[in-house]
Amino acid sequence: MSVERTTAAGGMETSYGFKKVGEGEKQPLVNDVFHKVANRYDLMNDLMSAGLHRLWKDAMVAWLNPPKRPGWKVLDVAGGTGDIAFRIVEASQRQAHATVLDINGSMLGVGRDRAEKQGLAANTDFVEANAEELPFEDETFDAYTIAFGIRNVPRIEVALAEAYRVLKRGGRLLCLEFSEVDMPLLDKAYEAWSFNAIPKIGKAVTGDGEPYSYLVESIRKFPNQQNFAAMITRAGFDRVTFRNYSGGIAALHSGWKL
């Protein structure tokens, strides 16, 4: 694939997949994608990761290691369906409180329903808002998590600055995202699967392959592990590290507000 990734210098704000769009045009287009796939979100991630996203999310929560005490608060951004938030609450033995924030009301509707069915409504609340303009006071949360959502935010540097602002001193950022495969044979196989199979399967299952084309293209445009780590550092975070999963198909970045 000849299309180049964006770098720490930016570019995702005007990148809708492989298409270049004007300032302010990306967010409505992304919103439409997630309105279309909200009820098939788990299926979408299964297609994108061959089911491995479930293991990666478990690993993310294990690395976060939420304390088993009341009063600990996490903000899960772009997590409308509750996948990460519910895992965190359960890992804390239902002591933690998770605020799920998403710009997409359809995704949040799925999450609210799931929280009720799983008996987690008391441990969660759901907020419809933009990751670039968080409606919270400074130093509100002990942790900020975002899984497979940061590449859909137009101004990533603004979202990272907001993450830093709402975290308490000693708070932690964890970001799980599809990234750059670092194994020569695997990268070719994964790219072939992504661009040839996923949109076709998405269309067969949901009747619309366009959202899946955008999603695989957005993965290919997202900054690689080192460039994204540089962006997190530039936002003010310390001790920034990352872990690759499945040869770099996904990467989990960690940073601390010290």
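Of the 258 residues of the protein, 54% count as buried, where buried means under 20% relative accessible area, with a 1.4 Å probe and protein chains only. This is a predicted model, in which local features need pLDDT of at least 70 and side-chain atom pairs count only at pLDDT 80 or more, whereas totals for chains, interfaces and linings use all residues. Residues are numbered from 1 along each chain as its sequence is written, and side-chain values use heavy atoms, with hydrogens and water left out.

**Overall form**
- The C-alpha trace spans about 50 × 40 × 35 Å along its principal axes.
- Contacts (heavy atoms within 4.5 Å) with a separation of 6 or more are made, for 75% of them, by residues 24 or more positions apart.

**Nonpolar cores**
- The largest nonpolar core has 32 residues, of which Trp56, Met60, Trp72, Ile88, Leu176, Phe178 and Leu252 touch the most other members; such a core is a set of buried Ala, Val, Leu, Ile, Met, Phe, Trp, Tyr and Cys residues joined through side-chain atoms within 4.5 Å.
- Apart from this core lies another, of 29 residues, with Leu75, Leu160, Leu167 and Met231 among them.
- Not counting residues up to four places away in sequence, Trp72 touches Leu64, Pro66, Pro67, Ile88, Ala96, His97, Asp142 and Ala143.

**A buried lysine**
- Lys57 is found in helix H3, a helix being a DSSP run (H or I) of at least four residues, numbered from the N terminus.
- Lys57 is buried, with a relative accessible area of 1%, and a polar contact of 2.5 Å joins its side chain to that of Asp83; a polar contact is a pair of N or O atoms within 3.5 Å, and within protein one must be able to donate a hydrogen and the other to accept it, while residues adjacent in sequence count only if both atoms are side-chain atoms.

How values were computed
Buried means under 20% relative accessible area, exposed over 50%, partly exposed in between (1.4 Å probe, protein chains only). Helices (H or I, at least four residues) and strands (E, at least two) are DSSP runs, numbered from the N terminus.
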